Amino acid sequence: MEKFEEISQTEALSKYKHYKHAAHAMLAADDPGTTFGCKRNAVIMMQMRFDGCIGFVGGLIDPEDDNPVDGLNRECVEEIALDLDKVKFEKENFLLCHIVHDYKLVLHFYGKKIPLKLFYEIEKRAVLEAEEWGNETLGLIRVPLSLFEQGDINKRFKAFLKHNFAGNAKRQLLTGMKMINVVPEDYRTYSNKGFIGQLV
Ligand code: GTP
Ligand code: MN
Ligand code: MN
Ligand code: MN
Ligand code: MN
Ligand code: MN
């Protein structure tokens with residue numbers, strides 16, 4: 001299996017210019033709702049990809065893109081018709097960078113928290129307007145982030161993590177959701193103790 005190593009973005013962009021670069025992103029919103037009596041912590045957007053795997057929106061950086069974040073915004077327009085006047089990724093939204101030497105591939109990962117109402121608008125617009133809808137993007141998914149039930153990690157989230165994920169999207173999800181603060185403190189303690197490690 002291919003190996004994803006964490007690398008600093010600066011090093012990846014200077015030393016590994018000759019590799020392919022891709023940028024993907026997590027859009028999230030705090031969500032105070034409940035599903036069948038179980039509290040939702042937040043909503044996180046992922047997608048069903050054309051290849052049957054679950055991943056984040058984004059894609060390969062093309063020669064016309066000035067940098068990863070420009071490429072990411074362009075891919076977001078293609079895949080979900082993101083309205084960049086309302087939501088645009090910035091350099092500051094960078095979270096993680098991984099390198100896969102076997103594939104000569106660098107994966108940049110970004111994340112941003114937005115208001116819930118805007119999150120819903122993005123979903124609707126994707127279905128109606130995105131040029132890649134039904135092609136690269138087969139559907140948007142709200143990750144079932146009802147994290148706890150009776151003090152134990154929720155089986156809905158565990159079940160979700162058993163799907164097939166593109167690249168290291170699962171690791172990006174588990175790390176990114178902590179980095180952008182869409183999980184409660186008790187979940188951090190829980191996952192830092194290694195419980196979540198058993199799921200990966
Ligand atoms: P084309 O427009 O067809 O070129 O695709 P794309 O530019 O949208 O590229 P894609 O999103 O497929 O991403 C490029 C590479 O990144 C793929 O080879 C995947 O293995 C990997 N990849 C795709 N989605 C994710 C993701 O969510 N996370 C990570 N880490 N890698 C991903
Ligand atoms: Mn694409
Ligand atoms: Mn893509
Ligand atoms: Mn592309
Ligand atoms: Mn494309
Ligand atoms: Mn499914």
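How many disulfides does a search of the whole structure find?

1. The search finds zero disulfides, a disulfide being a pair of cysteine sulfur atoms within 2.5 Å. By way of background, such a link is a covalent bond between the sulfur atoms of two cysteines.

2. This is a predicted model, in which local features need pLDDT of at least 70 and side-chain atom pairs count only at pLDDT 80 or more, while totals for chains, interfaces and linings use all residues. Residues are numbered from 1 along each chain as its sequence is written, chains are lettered from A and ligands numbered from 1 in the order in which they are written, and side-chain values use heavy atoms, with hydrogens and water left out.

3. For Cys 76, the closest cysteine sulfur is that of Cys 97, and because the two sulfurs are 17 Å apart they are too far from each other for a bond. Cys 76 is buried, with a relative accessible area of 0%, and Cys 97 is likewise buried, at 1%; here buried means under 20% relative accessible area, exposed over 50%, and partly exposed in between, with a 1.4 Å probe and protein chains only.

4. Around ligand 1 there are 16 residues, of which Phe 56, Leu 60, Glu 79, Asn 168 and Gln 172 come nearest; a residue is near a molecule or strand if one of its heavy atoms lies within 4 Å of it. A nitrogen atom of ligand 1 is 2.3 Å from an N or O atom in the side chain of Asn 168, and a nitrogen atom of the ligand is 2.7 Å from an N or O atom in the side chain of Gln 172. Taken alone, ligand 1 exposes 640 Å², and the protein buries 76% of that, the areas coming from the Shrake-Rupley method with a 1.4 Å probe; for residues, only the protein chains shown count as cover.

5. Which elements give two or more residues to the shell around ligand 1? They are strand 7 (57-60), helix 2 (68-80) and helix 5 (169-179), and strand 7 gives the most, with three residues. Helices (H or I, at least four residues) and strands (E, at least two) are DSSP runs, numbered from the N terminus.

6. Turning to a histidine pair, His 21 is found in strand 2 (residues 20-30) and is buried, with a relative accessible area of 12%. The side chains of His 21 and His 108 are joined by a polar contact of 2.9 Å, that is, a pair of N or O atoms within 3.5 Å, where within protein one must be able to donate a hydrogen and the other to accept it, and residues adjacent in sequence count only if both atoms are side-chain atoms.
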